[in-house]
Amino acid sequence: MEDPVVNIDPASPSIQTHLGILQNVIQRMAVNSSSSKAWCVTLVAAVLVIVADKGKPEYAYIAMLPTVVFAALDAYYLALEKAFRNSYNDFIAKLHSKVLTETDLYSVAPKGNLSYLQWESLKSFSVWGFYLSLAVLIFVTKTVAIG
């Protein structure tokens, strides 16, 4: 049985709370994406310092491992952020069209194909631009600074 359409005032506390929850989730995903970049830079720098200190330049490419892992994690967080923005926009559209159901009101779930969104996020400049630059930096550091 399908939920009945709920005629709710857009200014009602339940609507505002639902939108606030979605906004908080979107904000957390953006913060997680930013944290991924910060942690990646920290780990890459630590690996390169240890490699240089031990005099083993052939191990410098180990720093590529966190670069690849954090690039995938960053793309995942960006995909989730986009999926929750889709959910937010869908909720707003239903609210304005007056076709909102109780299920919509009490459901906080990402909307969209997460695999596709993650692939799209990986192709975005905020991901490939950052991590490709970091990979180039690793290569240059290995070649010039470490040996």
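Helices in these legends are DSSP runs of H or I with at least four residues, numbered from the N terminus. The model shown is predicted.

**View A. Packing of helices H1 and H2 in the predicted model.** Helix H1 spans residues 13–54 and helix H2 spans residues 64–97. Their axes come within 9 Å and cross at roughly 165 degrees; because angles over 145 degrees count as roughly antiparallel, H1 is roughly antiparallel to H2. The crossing of these two helices is left-handed. Sorted by class, the contact of H1 with H2 comprises 22 nonpolar, seven polar and four charged residues.

View B. Apart from neighbours within four places in sequence, Glu81 is in contact with Ile26, Met29 and Ala30.

**View C. The aromatic pair of Tyr76 and Tyr77.** The count of aromatic pairs comes to three. One of them joins Tyr76 and Tyr77, with 6.0 Å from centre to centre and 50 degrees between the planes, a tilted arrangement. Tyr76 is partly exposed, its relative accessible area being 34%.

**View D. The aromatic pair of Phe130 and Tyr131.** The ring centres of Phe130 and Tyr131 lie 4.8 Å apart, and the planes stand at 85 degrees, so the pair is edge-to-face. Phe130 is partly exposed, with a relative accessible area of 27%, whereas Tyr131 is buried, with a relative accessible area of 4%.

Notes
Residues numbered from 1 in each chain as written. Predicted model: local features only at pLDDT ≥ 70, side-chain atom pairs only at ≥ 80, totals over all residues. Heavy atoms only, no water. Axes fitted to C-alpha atoms, helices over the stretch in contact; angles between N-to-C directions. Parallel < 35°, antiparallel > 145°, perpendicular 65-115°, else oblique. Left-handed = near helix turned anticlockwise from the far one by under 90°. Nonpolar A, V, L, I, M, F, W, Y, C, P; charged D, E, K, R; others polar. Contact = heavy atoms within 4.5 Å. Phe/Tyr/Trp six-rings, centres within 6.5 Å; stacked < 30°, edge-to-face > 60°. Buried < 20%, exposed > 50% of the residue type's maximum accessible area, 1.4 Å probe, protein only.
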